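These exercises are to be worked with the sequence and the 3D structure at hand. Try each task before reading its solution.

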Amino acid sequence: MFDQPLELQRKTGPRIRFRAALVAAVLCASWLGSSVAADTTETPTPWQRLKARLIERGWLRGQTAEHVPIGNGRLELRQYDLASKIPGKVISVAVREGDWVEKDQLLVSLDSSELKAQREALEAQVTVAERAYAEAQAARRKAAADLELARASYQRAQELRQQKFASADQLDRARTAWINAQTALDLAEKRVALAAAQVDAAKAQLNVIDSKLADTQVLSPIAGRVLKRYVLPGEVVPAGATLISLVDPLDLYIDIFLTPAQMRDVALGQPAEIAPEGWPADRVIPARVVFVSPEAQFTPKFVETADERAKLSFRVRVAADAQWLAQHRDALFGGLPAVARILVTEGTAKPRHDDDAR
C-alpha cells in the first residue's frame, strides 16, 4: 500500500478503517448476545423434563403429549399401622425397623399378668356355675319323678273313690299332692334355665378375657417390612396407641392425574407400565389400572401437567403386578418418583367420536 501514489492512499485509507470498525462491532455484538442468552437461559419445567424422559423411552413417538395417557407421581406402598386394643405395659418388641416379617409373626407383647389372674377367677366362677347347673338338673329329675308318682296316686284314689273304698277327703289330698308336684317341677325347670344362663354368662366373661389376652400379643396381619416402631419395652401405652407400622411391598401403586383428553383411552382393569425415576429406559414394571375417579378435581399442586395445572383432571390409580413384586420385593421404595403409562389396545381403548377421529 505504501508503494501506491499519495492520492490513492488518501482515498482507500478511510474505507479500510471503516470496514475494520464494522467487523469489530459485529464481533462485539455477537459476543454480547451469546453472553446474555447464556445468562437468561430458563430452567426446564418439570413437565419439560418429564417429556424429555418420555421421548427418551420412546413413549411419545408418533403421538402428542396432550392425548397420551401418561402421568407422573410417586410410588406408594400400602401402610398398616398396628395399634393396641387394650392399655398395658410393653414387655417386649420382637422386631426392628427394616426387618422383614411373616404373616402372624409376633411383633409386640404386652403385660398379661392381671388378665391371667382375672381368667383364673372366672374359671372358678364357671366351675361353680356348672356345678349349680348339675344340681338344678338333678332337682328337676327328682321333681319329675315326684310328679309321676303324684299323678299315679291321684288316679288310684279316683278308682278307689268310684269303688267306695276311699273317701272324698283322700281324693282331695291326692289331687293337691299332684298339683304341688307339678308346681315343683315347673320351679325346678326355671332353676335349671337360670343355672344354664349363669354358666353361659361366666363362659362369656371368660371369652372376653381370652380375647383381651390375645390382644396382648400383637401379630403381623401381612408379610411385609417394618417401617417404624413407636414403643420400647417398659413403656405403658393406652388403648388405641400405634405400636408398629408395616408396609406391604406386594401392594405398590401410583396415583396419576390425567386430563379429560387423556381419559378417553383409560378404562378400569387396563394394562399399564410404571417407570421409576433413575431406572434404565428399557426397564419398566408391569401394572394395571385399579381405580378411576368418577369425578374430576383440581390437579394437586405437587403434580405438573402439560397445561401447568390450569384444568381439571381425573385421579387414576395404577397398581404394580403382584407376581412381579413378589420377585422384586426389595427393589422399590415408597416415595420414589415415577412415571406411569396406560397401555392402549384395541380391546381396552374407548371408541372415539367422529370429531375426535378427524
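**Exercise 1. A charge over a ring**

Which residue lies over the face of Tyr253, and at what distance from the ring centre?

Solution. The model is a predicted one. Step 1: find the ring of Tyr253 and look above its face; the residue there is Arg317. Step 2: read the distance to the ring centre, which is 4.0 Å. Step 3: check this against the cut-off, which asks for CZ of Arg within 6 Å of the ring centre. Step 4: look for another case of this kind; Arg283 lies over the face of Trp279, at 4.1 Å from the ring centre.

**Exercise 2. Aromatic pairs**

Find how many aromatic pairs the structure holds, and classify the pair of Tyr154 and Trp178.

Solution. A pair of aromatic rings is described by the distance of the centres and the angle of the planes. Step 1: the count is two aromatic pairs. Step 2: for Tyr154 and Trp178, the ring centres are 5.4 Å apart and the planes stand at 15°. Step 3: planes under 30 degrees apart count as stacked, so the pair of Tyr154 and Trp178 is stacked. Tyr154 belongs to helix H3 (residues 113-162) and Trp178 to helix H4 (residues 168-215). They are 24 residues apart, and the pair links distant parts of the chain. Step 5: compare the accessibility with the cut-off of 20% for buried. Tyr154 has 12% relative accessibility, so Tyr154 counts as buried. Trp178 has a relative accessible area of 31% and is therefore partly exposed.

Solution. Step 1: the ring centres of Trp279 and Trp324 are 6.2 Å apart, with the planes at 40°. Step 2: this angle makes the pair tilted. Step 3: Trp279 is found in the loop between strand E9 (271-276) and strand E10 (285-292), while Trp324 is in helix H6 (residues 322-327). The pair therefore ties together parts that are 45 residues apart in sequence. Step 4: Trp279 counts as buried at 14% relative accessibility, and Trp324 is buried with a relative accessible area of 13%.

**Exercise 3. Salt bridges**

State the number of salt bridges, then work through three of them.

Solution. Side chains of opposite charge can pair when their charged atoms come close. Step 1: the count comes to 14 salt bridges. Step 2: take Lys85 and Asp215, whose side chains meet at 3.8 Å, N to O. Lys85 is exposed, at a relative accessible area of 61%.

Step 1: take Glu123 and Arg119, where the closest N and O atoms of the salt bridge are 2.1 Å apart. Both residues lie in helix H3, with four residues from one to the other, about one turn of the helix. Glu123 is partly exposed at 34% relative accessible area, and Arg119 counts as partly exposed at 22%.

Step 2: take Asp146 and Lys142, with closest N and O atoms 3.0 Å apart. Asp146 and Lys142 are also four residues apart in helix H3. Asp146 is partly exposed, with a relative accessible area of 35%, whereas Lys142 is exposed, with 54%.

Step 3: look for shared partners. Salt bridges of this kind join Arg119, Glu123 and Asp210 into one network.

**Exercise 4. A pocket and its lining**

Describe the second largest pocket by its volume and by the residues that line it.

Solution. Step 1: the space in the second largest pocket is about 230 Å³. Step 2: the pocket is lined by 13 residues, and those closest to its centre are Leu77, Arg225, Val247, Leu332 and Phe333. Step 3: sort the lining by type, which gives eight nonpolar, two polar and three charged residues. Step 4: assign the lining to strands. Strand E1 (70-83), strand E6 (224-229) and strand E8 (242-258) each supply at least two residues. The largest share, three residues, comes from E6.

Methods:
Residues are numbered from 1 along each chain as its sequence is written. This is a predicted model: local features need pLDDT of at least 70, side-chain atom pairs count only at pLDDT 80 or more; totals for chains, interfaces and linings use all residues. Side-chain values use heavy atoms; hydrogens and water are left out. On a 1 Å grid over the protein atoms alone, a cavity is a set of points where a 1.4 Å probe fits but cannot get out, and a pocket is an open set with protein on both sides within 12 Å along at least five of seven lines; lining residues have an atom within 4 Å of a point. Grid points are joined across faces, edges and corners, and a volume is the space filled by probe spheres set on the points. Ala, Val, Leu, Ile, Met, Phe, Trp, Tyr, Cys and Pro count as nonpolar, Asp, Glu, Lys and Arg as charged, and the others, Gly among them, as polar. Rings of Phe, Tyr and Trp (its six-membered ring) pair if their centres lie within 6.5 Å; planes under 30 degrees apart count as stacked, over 60 as edge-to-face and the rest as tilted. Buried means under 20% relative accessible area, exposed over 50%, partly exposed in between (1.4 Å probe, protein chains only). A charge sits over a ring if NZ of Lys or CZ of Arg is within 6 Å of the ring centre and within 35 degrees of the ring normal. A salt bridge is a side-chain nitrogen of Lys or Arg within 4 Å of a carboxyl oxygen of Asp or Glu.
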